[in-house]
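Take a look at the model below. We will start where two parts of the chain meet, then turn to a single residue.

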Amino acid sequence: MNQSTEQASLSHVEQIISPEWVIPVSQNGKRQLTPFHNYSVAIHKHKIVAIKPTKDLLEDYSTDNHLLLPGQALLPGFINCHTHAAMSLFKGLSDDLPLMMWLENHIWPAEKKWVDDKFCEDGVTLAIAEMLLSGTTCFNDMYFQPNMTARAAQNIGMRAMVGMLVFDFPSVWGSGWEAYVKKGLSLRDDYKHSDLLSFAFAPHAPYTVSDEPLSKIATLSNELSIPVHMHIHETAHEIKESLSQYGKRPLKRLQELGLVNPNLIAVHMTQLQRNEIETVASHGVSVVHCPQSNMKLASGISPVQDLLTAEVNVALGTDGNASNNDLNMFSEMKTASLLSKVYTGSAQACSAKDILYAATMGGAKALGLDDTCGSIEVGKAADLTTINLDTLQAQPMYDPVSQIVYTAGREQVSHVWVNGKLQVADGKLTQLDETKLIQMAKTWRNKIEHS
């Protein structure tokens, strides 16, 4: 191949997307939430290869697949940093109860009866469909049967961090903590060549996992550079029980066990003292804020603006469908911003740009995937979503970022790509049959409701 032929082949790309706005979120390590107007993005072999003004990009690249999206914004796909995806089949089950009553009297008994491989595969598939239609391209999961979470995500083409679940007690997934760890690491090995899947240790919570397994997880996490995904300081009851049992607050206990470090993905964190915020900040911990689930279960309010001021990396998660009751990052973003404003008494708290960053790049950083996704940058995977802002409810348009966080809804998502593959086109799933998914969910509802 001569030089001119090689140059010509390099300039032909698989896809070019030309929206009205491109919102990169981050560029060269710096926040870039100011929209680029009339820019285009070129995609080739799953990756972003160019971001330029449309006129310039079309002079440099050709394609057989040029998507023109006037009135739409292109942004990184949302990263849902805390889910229990298979629990989508428990959506609406035993609502309006406090956390421990809800868990102990309703959810845990239902899980004991129904959770198996089929339940989890169906529930995860339903959750992935909902997330894709909502512009989410990556999720961080913690639930039983992570083998089914991995299989469903890989087969559909969804990016996921799969939680290697750990409890003290036996369950359908393992006979005890040693079995959980062994099975999780074996599953991780099974998918070591996957472009889409990564893995985290997922000890459920300080009150369900004792010191010995937590210490072992800390060692393995450090040796293998594996994140640790855990509910921490979710409720005042959790703090009270820890003080009674261990004589210390959960975060202090985890710190003494070697878990408080940049590998830790700390979920909820509604019960934080000033010194604990400083500890989290100084040790590089990422915090996942789940405002709607926290509100629904009356768990508390995470001091997100204080965390941001302390330069803690903050991500957003929906939690499971059983305690939210959706996997909608649009409503999560708006709630996160408004809740922080009323909590702090400052209208400037958790700005639209702060929250959009948390929903994308903040999530990527928390998962250790910031070199892969979370922003629109050359060399990153093409995990992208487009939002139609040329709608009645989005007018008039002064600031696309503000409009996305405070006004837009998931019904405005038009296209979604994961790793360069188009998963949603014109608001419709391309890989999954929505009618069949609805029927599957109804079948499970009938079984569970009439058991």
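How many residue pairs are in polar contact between domain 1 and domain 2? In this predicted model, there are six, with both residues of each pair at pLDDT 80 or more. Three salt bridges also link domain 1 and domain 2. Arg-410 and Glu-130 form a salt bridge through their side chains, with N to O at 2.9 Å.

Which elements build the domain 1 side? Those that give two or more residues are strand 3 (25-27), strand 9 (66-76), strand 18 (384-388), helix 15 (400-406) and strand 19 (413-418). Helix 15 gives the largest share, five residues.

Now step back to the domains themselves. The domain assignment gives domain 1 as 11-76 + 379-419 and domain 2 as 78-367. Their C-alpha centres are 29 Å apart. At the interface, 27 residues of domain 1 touch 31 residues of domain 2. Together the two domains bury about 2,300 Å², and 65% of that lies on carbon and sulfur atoms. Val-405, Tyr-406 and Arg-410 supply 30% of the area that domain 1 buries against domain 2, more than any other three residues.

UniProt, in an unreviewed entry, lists residues 74-422 as "domain: Amidohydrolase-related". Over residues 74-422, the chain is 43% helix and 17% strand. The end C-alpha atoms of this stretch are 14 Å apart.

Finally, find Ile-301. It sits in the loop between helix 11 (291-296) and helix 12 (304-309). Ile-301 counts as partly exposed because its relative accessible area is 28%. Leaving aside residues up to four places away in sequence, Ile-301 touches Thr-270, Leu-339 and Tyr-343. His-268 is 33 residues from Ile-301 along the chain, yet their C-alpha atoms are separated by 8.4 Å.

Key. Residues numbered from 1 in each chain as written. Predicted model: local features only at pLDDT ≥ 70, side-chain atom pairs only at ≥ 80, totals over all residues. Heavy atoms only, no water. Helix = DSSP H or I, 4+ residues; strand = E, 2+ residues; numbered from the N terminus. Buried < 20%, exposed > 50% of the residue type's maximum accessible area, 1.4 Å probe, protein only. Contact = heavy atoms within 4.5 Å. UniProt positions renumbered as here; feature names shortened; annotations may be inferred. Domains from an automatic or database assignment. Buried area = accessible area lost by both parts, 1.4 Å probe. Salt bridge = Lys/Arg side-chain N within 4 Å of Asp/Glu carboxyl O. Polar contact = N/O pair within 3.5 Å; in protein donor to acceptor, adjacent residues only side chain to side chain.
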